[in-house]
Amino acid sequence: MSLSVCSLQSGSNGNCTFISNGRTNLLIDCGIPLKTLEEGLYSIGVSPSSIHGVFVTHEHSDHIKSVGAISRRYGVPIFANTSTWEAMEKKIGEVRPGCIKLFSSGGDIYFSDICISTIKISHDAAEPVAFSVCDKDRKVSIVTDLGVINKGVLSFMEGSQLVFLEANHDVDMLIRCSYPPVLKQRILSAKGHLSNTDCAETILKLMDHSIRYILLSHLSKESNTPELAFATVRDILAQSNVHIGSDIMVDMTYRDHVSRVYNLI
């Protein structure tokens with residue numbers, strides 16, 4: 001049985017990732033409307049009622065919009081660290097006490113036959129985390145919404161076959177866009193978001209660790225485009241003689257529709 005992975009939506013407007021080993025179906029974040037989430041799942045042949053758990057990276061609205069709704073409708077447990085839960089509890093509406101599952105960041109969560117690992121990351125939220133989902137020797141990492149990649153996060157991604165890696169903005173576009181100065185400073189800070197260039201430089205540091213797929217994720221509508229993100233990553237990799245298609249596969253996630261489904265064997 002393969003480990004199947006799909007971005008239902010990714011961007012500053014909403015984020016939700018589906019991961020399944022055929023027995024256990026998980027979501028990382030639910031930052032899109034419930035109807036959009038349900039339609040996205042049905043489009044890849046998955047019933048929303050088959051979701052076994054949702055894991056929350058942090059409390060920003062583009063990651064928790066329908067967390068409460070899916071829990072109430074389908075009885076889905078919500079996994080979050082204590083600080084994130086306290087920050088989002090009033091935003092998601094009432095959920096059954098039995099559906100509240102708290103964890104300590106930096107450890108492993110064994111859920112059915114899957115292991116979910118966590119690591120704290122640098123972002124302007126209560127206690128943001130990245131996740132790795134492991135099934136036997138297959139591993140997927142979701143590393144978005146962070147301002148810097150340190151050695152610990154690099155090590156955390158090692159051994160992954162597929163990584164959702166943030167390529168949030170182009171620095172020049174960000175500087176020229178209509179965002180207020182305080183928001184631009186936040187995005188560019190160590191607790192903000194990774195740029196296209198940051199993403200490419202991170203990929204180069206990961207090249208020796210057998211990663212097969214990088215999915216460019218969490219793109220900004222105002223300060224990036226899929227074409228620019230891909231071209232920037234491609235060109236920086238090529239400068240180091242790393243070529244997309246032969247040395248590594250790089251693909252996109254999307255702000256407004258479902259990505260392809262990746263089946264890791």
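Select Phe-55, Phe-79, Phe-103, Phe-111 and Phe-131: these residues form one aromatic cluster in this predicted model. Rings of Phe, Tyr and Trp (its six-membered ring) are paired if their centres lie within 6.5 Å; planes under 30 degrees apart are stacked, over 60 edge-to-face, and the rest tilted. The structure holds six such aromatic pairs.

Next, keep Phe-55 and Phe-131 in view. Their rings are 5.9 Å apart, centre to centre, with 80 degrees between the planes, which is an edge-to-face pair. Phe-55 belongs to strand β4 (residues 53–55) and Phe-131 to strand β9 (residues 129–135), so the pair ties together parts that are 76 residues apart in sequence. Helices (H or I, at least four residues) and strands (E, at least two) are DSSP runs, numbered from the N terminus. Phe-55 is buried, at 0% relative accessibility, and Phe-131 is buried, also with a value of 0%. Here buried means under 20% relative accessible area, exposed over 50%, and partly exposed in between (1.4 Å probe, protein chains only).

Two notes apply throughout the tour. Residues are numbered from 1 along each chain as its sequence is written, and side-chain values use heavy atoms, with hydrogens and water left out. In this predicted model, local features need pLDDT of at least 70 and side-chain atom pairs count only at pLDDT 80 or more, while totals for chains, interfaces and linings use all residues.

Now select Lys-139 and Phe-156. The charged end of Lys-139 sits over the ring of Phe-156, 5.8 Å from the ring centre. The rule requires NZ of Lys or CZ of Arg to be within 6 Å of the ring centre and within 35 degrees of the ring normal.

Turn next to the salt bridges. A search of the whole structure finds six of them, each being a side-chain nitrogen of Lys or Arg within 4 Å of a carboxyl oxygen of Asp or Glu. Select Asp-135 and Arg-23, whose side chains meet in a salt bridge (3.8 Å, N to O). Asp-135 is buried at 2% relative accessibility, whereas Arg-23 is partly exposed at 44%.

Select Glu-38 and Arg-73 for another salt bridge (2.8 Å, N to O). Glu-38 lies in helix α1 (residues 34–43) and Arg-73 in helix α3 (residues 67–74), so the pair ties together parts that are 35 residues apart in sequence. Glu-38 is buried at 12% relative accessibility, and Arg-73 is exposed at 52%.

Arg-234 and Asp-235 also meet in a salt bridge (3.0 Å, N to O). Arg-234 is partly exposed at 38% relative accessibility, as is Asp-235 at 36%.

The cysteines follow. With a disulfide taken as a pair of cysteine sulfur atoms within 2.5 Å, the count comes to zero. The sulfur of Cys-6 is 9.3 Å from the closest cysteine sulfur, in Cys-16, too far for a bond. Cys-99 is in no disulfide, the nearest cysteine sulfur being that of Cys-30, 13 Å away. Cys-6 is buried at 0% relative accessibility, and Cys-99 is buried at 8%.

Finally, select Leu-188, which is found in helix α7 (residues 181–188). Leu-188 is partly exposed, with a relative accessible area of 42%.
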